Amino acid sequence: MQIAQNSVVAFHYTLTNDAGEVLDSSEGRDPLTYLHGAGNIIPGLEKQLEGRTNGDKLTVAVEPNEGYGEVQPALVQEVPRDAFQGVEEVQPGMQFQAQTQEGPLMVTVTKVEGDTVTVDGNHPLAGEKLNFDVEITEVREATEDEVSHGHVHGEGGHEH
């Protein structure tokens, strides 16, 4: 069966950046399972998997605009230290959920200088070209429940 809209796909992957550093991998874990066409994985990878079959191995390069987007400078802001009430020591690398006009946004602290904290709401991989080595391990038709819920159920998927 070929990967198409409403296929359930399982695959192993290794994700590297352009410097060859491994950013994520399914090695030693179960394969990643998703519902094709439901927006469960980044668009550039999903596009490249379309039409593939069980056992296929491929290398995929995904540009930022089809991955986690370009870096948006407006998502980097300086905020007063007192915005972090109840947090004893704010340090770079800490993540917080901020409330914005568009809803909740995860931000990462990138710098702390005196009473000013710089936070970044961009995805950590925004602006990065993503390189995937993929091996497809299963392709099957999705059940009606999976299609209506927009995600995979059972092993490797979501449990209700």
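Author: Happy to! This is a predicted model, where local features need pLDDT of at least 70, side-chain atom pairs count only at pLDDT 80 or more, and totals for chains, interfaces and linings use all residues. Residues are numbered from 1 along each chain as its sequence is written, and side-chain values use heavy atoms, with hydrogens and water left out.

Reader: In which element does Gly44 lie?

Author: Helices (H or I, at least four residues) are DSSP runs, as are strands (E, at least two), and both are numbered from the N terminus. The run that covers residues 43–49 includes Gly44, and that run is helix 1.

Reader: Which residues is Gly44 in contact with, leaving aside its neighbours within four places in sequence?

Author: Contact means heavy atoms within 4.5 Å. With those neighbours left aside, the partners of Gly44 are Val60, Val62 and Glu66.

Reader: Which element gives the largest share of the lining of the largest pocket?

Author: On a 1 Å grid over the protein atoms alone, a pocket is an open set of points with protein on both sides within 12 Å along at least five of seven lines, where a 1.4 Å probe fits; lining residues have an atom within 4 Å of a point. Here 17 residues line the largest pocket, with Gln77, Ala98, Thr100, Leu105 and Val107 nearest its centre. Strand 5 (76–80), strand 6 (95–100) and strand 7 (103–113) each give two or more residues. The largest share, five residues, comes from strand 6.

Reader: How many residues in the lining of the second largest pocket are nonpolar?

Author: Ala, Val, Leu, Ile, Met, Phe, Trp, Tyr, Cys and Pro count as nonpolar, Asp, Glu, Lys and Arg as charged, and the others, Gly among them, as polar. The lining includes Phe11, Tyr13, Leu15 and Asp24. By class there are one charged residue, one polar residue and, for nonpolar, nine.

Reader: Which residue in strand 2 does Thr14 stand opposite?

Author: Two strands pair if DSSP finds at least two bridges between them. Strand 1 and strand 2 (residues 22–25) run antiparallel, joined by three bridges. They form a hairpin with five residues between them, and Gly20 in the turn has a positive phi of about 85 degrees. Opposite Thr14 stands Ser25.
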